Amino acid sequence: MSKFWSKRIQELDPYTPGEQPQDQQYVKLNTNENPYPPSARAIAAMRAAADENMRLYPDPDCHSLKRAIGDYYSIPAEQVFVGNSSDEVLAHTFVALLKHEKPLLYPDISYSFYPCYCKLFGIRAKQIPLAEDFTIQPKDYAQENGGIIFPNPNAPSGIALSLDAIEEILASNPDSAVVVDEAYIDFGGDSAVPLISEYPNLLITQTFSKSRSLAGLRVGFALGQKELIEGLERVKNSFNAYPLDRAALEGSIAAIQDKDYFRETCQKIIKSRNETAEALKKLGFSVLPSKANFIFARPPKGNAEEIYQDLKKAGVLVRYFKAPRIDEYLRITIGTNQEMATLLEKLEAII
Ligand SMILES: Cc1ncc(COP(=O)(O)O)c(C=O)c1O
């Protein structure tokens, strides 16, 4: 605390990222990173970009990346916004589209950055409880609001919502922006991109951090009709006109163009997730049905915090949230087959 802090800063409750230990080598299954390296084409493109041109500012509009993302999804570049991580894209979205008189709605169990942005930007919010089985119920979002946001698949549950359910939320809220945070969509969920042409209130955010193995590069994007994208551009150009550096632009373009590598790594993770879920069930865990690159599971005795600590001592890091309704669960990122075998071996010994 300092007398120089503004009132807003004194009242903040900042986000706590998962541990990034610098001291010891862990089997690291706590921050939903991809266990496989980025596309070799992306690494080569970033190396090539580290040249004399670094003295020059990058393209402030990031047009070549917008075009590459637009080509991937068969939509025009003007329906694409890019930023320095999807967290930054989300921050701009909260300011541009979700700050209104009426409260912003989001699930009570969800990405814990949403309440941080609400505090930072002074946004009124109302948390909508998930059903008992941790699913989002579209009818709960048919109420007065100034905007709606939820991840699909949700985090940390990993549960995905169908396109029909998303459409129900969009159709019952024509006067609100509905933001679908698709950070984990490439691991088996159905993307809402095909709904963009029909719903002017739909904004989708995505990231290169998970399915494209580039958490270290910090590139995220949003997709939606032109007017929503223009709103985000207005915030971005009032904040940081050059959010992506030259290496990030070239690396992310190469990554989204390397479709074969992307498909191969996503498939490996999906297969490993399904096998790990079965193995955890055999150990007595209750496992929520995940379409993400992580599993949310309750150990047989619900003693998740203890198991988290024991796993850490055994050199395996997973994520534990000491929060209402989820404090008996562990969130386990899908690693390589070898890493998952180590996790299961340690869990068996602990349990
Ligand atoms: C639901 C959700 N959205 C967005 C993000 C942010 O991703 P990034 O800032 O790495 O693009 C995360 C990261 O864990 C997430 O879990």
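A: Helices (H or I, at least four residues) and strands (E, at least two) are DSSP runs, numbered from the N terminus. With that in place, S85 can be located: it sits in the loop between β2 (80-83) and α4 (86-97). The model is predicted, so local features need pLDDT of at least 70 and side-chain atom pairs pLDDT 80 or more, while totals for chains, interfaces and linings use all residues. Numbering runs from 1 along each chain as its sequence is written, and side-chain values use heavy atoms, with hydrogens and water left out.

The backbone at S85 deserves a check. Its phi is near 90°, a positive value in a residue other than glycine. Most residues other than glycine have a negative phi, and most peptide bonds are trans. Two peptide bonds here are cis. One runs from N152 to P153, with omega near -5°. The other runs from A155 to P156, with omega near 5°. P153 belongs to the loop between β5 (147-151) and α6 (163-171). P156 is also found in the loop between β5 and α6.

S85 leads on to the ligand. The residues around the ligand are S85, S86, D87, L90, Y111, D181, A183, Y184, T207, S209, K210 and R218 (a residue is near a molecule if one of its heavy atoms lies within 4 Å of it). For T207, a side-chain N or O atom is 2.6 Å from an oxygen atom of the ligand. For S209, the distance from a polar side-chain atom to a ligand oxygen is 2.6 Å. For K210, it is 2.9 Å.

Now the domains. The assignment gives domain 1 (8-37 + 260-350) and domain 2 (40-258); such bounds come from an automatic or database domain assignment. Their centres, taken over C-alpha atoms, are 24 Å apart. In contact (heavy atoms within 4.5 Å) are 33 residues of domain 1 and 35 residues of domain 2. The two domains bury about 2800 Å² between them, 61% of it on carbon and sulfur atoms. Buried area is the accessible area (1.4 Å probe) that two parts lose on being put together, summed over both. In domain 1, the most area is lost to domain 2 by Y15, F262 and R325, together 27% of what that side buries.

R325 also takes part in a salt bridge (a side-chain nitrogen of Lys or Arg within 4 Å of a carboxyl oxygen of Asp or Glu). Its side chain meets that of D108 at 3.0 Å, N to O. Between domain 1 and domain 2 the count is 1 salt bridge. The whole structure holds 15 salt bridges.

Note on methods:
Polar contact = N/O pair within 3.5 Å; in protein donor to acceptor, adjacent residues only side chain to side chain.
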